[in-house]
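Biologist: I would like to learn how to read a model such as this one, feature by feature. Could we go through it together?

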Amino acid sequence: MSQPTFGKRIKELRTAKGMTLDQLATATGSSKSYVWELENKDPPRPSAEKLAAIASVLGVTTDYLIGREDVTLADAEDKAFFREYSQMSDSTRQKIRAMAKLLGGKPEE
């Protein structure tokens, strides 16, 4: 079974999140027709800026979208989350760490 193309990955992620073409277009500063072309044209040629915006909205890495990483979707989502986490304030990161400990069943230090 071959890996999904760039367009198929965008469509799969978009639909899994319950997003319409319009919603993804608006969230990435694109037009609906542009997003449709990315999902349906082969090979697509998005700018690095658009690719980064789409990956951010869909919660994955750009490398995952274009198939350069041999990682699972879960790995790509984790990397995208860590990128967001690293930009949060110290107090927010402390709260997230405390929540993770509670959810993981580990006692707080």
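Biologist: Which residues does Ile10 touch, not counting residues up to four places away in sequence?

Modeller: This is a predicted model, in which local features need pLDDT of at least 70 and side-chain atom pairs count only at pLDDT 80 or more, while totals for chains, interfaces and linings use all residues. Residues are numbered from 1 along each chain as its sequence is written, and side-chain values use heavy atoms, leaving out hydrogens and water. Contact means heavy atoms within 4.5 Å, and on that basis Ile10 touches Leu24, Leu38, Glu39, Ile54, Leu58 and Leu65.

Biologist: Which residues touch the most other members of the largest nonpolar core?

Modeller: In soluble globular proteins, nonpolar side chains tend to be buried together. A nonpolar core is a set of buried (under 20% relative accessible area, 1.4 Å probe, protein chains only) Ala, Val, Leu, Ile, Met, Phe, Trp, Tyr and Cys residues joined through side-chain atoms within 4.5 Å. Here the largest one has 17 residues, of which Ile10, Leu58, Val60 and Leu65 touch the most other members. Helices H1 (6-16), H2 (21-28), H3 (32-40), H4 (48-58) and H5 (62-66) each supply at least two residues, with the largest share, four residues, coming from H4.

Biologist: At what angle do the axes of H6 and H7 cross?

Modeller: Helices are DSSP runs (H or I, at least four residues), and axes are lines fitted to C-alpha atoms over the stretch in contact, with angles from 0 to 180 degrees between N-to-C directions. The axes of H6 (residues 73-86) and H7 (residues 90-104) come within 9 Å and cross at roughly 135°.

Notes. Buried means under 20% relative accessible area, exposed over 50%, partly exposed in between (1.4 Å probe, protein chains only).
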